[in-house]
Amino acid sequence: IVEREPEAARHIQAKIESMGHHFTCVSHAEEGLRSYQETPFDAILCCENPFGYSGVELCKKLRQDSRGGYPYFILMTPPGARQQAAKALEAGVDAFLNKPLESVELAVRLKVARGVQTRLNRVYYNLMSPKN
């Protein structure tokens, strides 16, 4: 979770905890990038404007990382504030969620993220398995 507003961060953390997911929460984009590089996550929930640089910029930096991981990137936006949706999608954003987050919609997005990770891991395993 990359969220600059403490109250919003607590709200998101409570929802994710209740779903049984493990997470790290930071308020600065650079911390989010560093945290992912240290321990890759399956998904990243990022507000539109964390401290440091934008959520779209964070996504772009993650997609350019040469270590090969692919976190499912969810950009959290205020309702009606997707003016830069095309730019966000070009940067690699996978999904959008309106703030405040609805539990059902968040659960669906995290389930999709897990499915994407499962498929990517299967493809990676098949590509890297020694051929008989």
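The model is predicted, so local features are taken at pLDDT of at least 70 and side-chain atom pairs at pLDDT 80 or more, while totals for chains, interfaces and linings use all residues. Residues are numbered from 1 along each chain as its sequence is written, and side-chain values use heavy atoms, with hydrogens and water left out.

Helix α2 spans residues 29–38 (helices are DSSP runs of H or I with at least four residues, strands are E runs of at least two, and both are numbered from the N terminus). Its buried residues (under 20% relative accessible area with a 1.4 Å probe, protein chains only; over 50% is exposed, and in between is partly exposed) are A29, G32, L33, S35 and Y36. They cover an arc of only 165° around the axis, which puts them on the same side of α2; the arc is that of the directions from the helix axis to the C-beta atoms. As background, an α-helix has 3.6 residues a turn, so residues three or four places apart point the same way. The cover over the buried residues of α2 includes β1 (43–47) and α3 (55–64).

Helix α3 shows its own buried set, made up of G55, V56, L58, C59 and L62. Here the arc is only 160°, which puts these residues on the same side of α3. They pack against α2, β1, β2 (72–77) and α4 (85–91).

Back in α2, S35 counts as buried at 15% relative accessibility. Leaving aside neighbours within four places in sequence, S35 is in contact (heavy atoms within 4.5 Å) with T24 and F41.

The ring centres of Y36 and F41 are 6.5 Å apart and the planes lie at 45°, so the pair is tilted. Y36 is buried at 6% relative accessibility, whereas F41 is partly exposed at 23%.

Two charges sit over rings (NZ of Lys or CZ of Arg within 6 Å of the ring centre and within 35 degrees of the ring normal). K61 lies over the face of Y53, 5.1 Å from the ring centre, and the charged end of R63 is over the ring of Y70, at 3.9 Å from its centre.

Finally, the largest pocket is lined by 21 residues, with H22, F23, F41, D42 and A43 nearest its centre. Its lining draws at least two residues from each of α2, β1 and α5 (103–128). On a 1 Å grid over the protein atoms alone, a pocket is an open set of points where a 1.4 Å probe fits, with protein on both sides within 12 Å along at least five of seven lines; lining residues have an atom within 4 Å of a point.

Terms used: Phe/Tyr/Trp six-rings, centres within 6.5 Å; stacked < 30°, edge-to-face > 60°.
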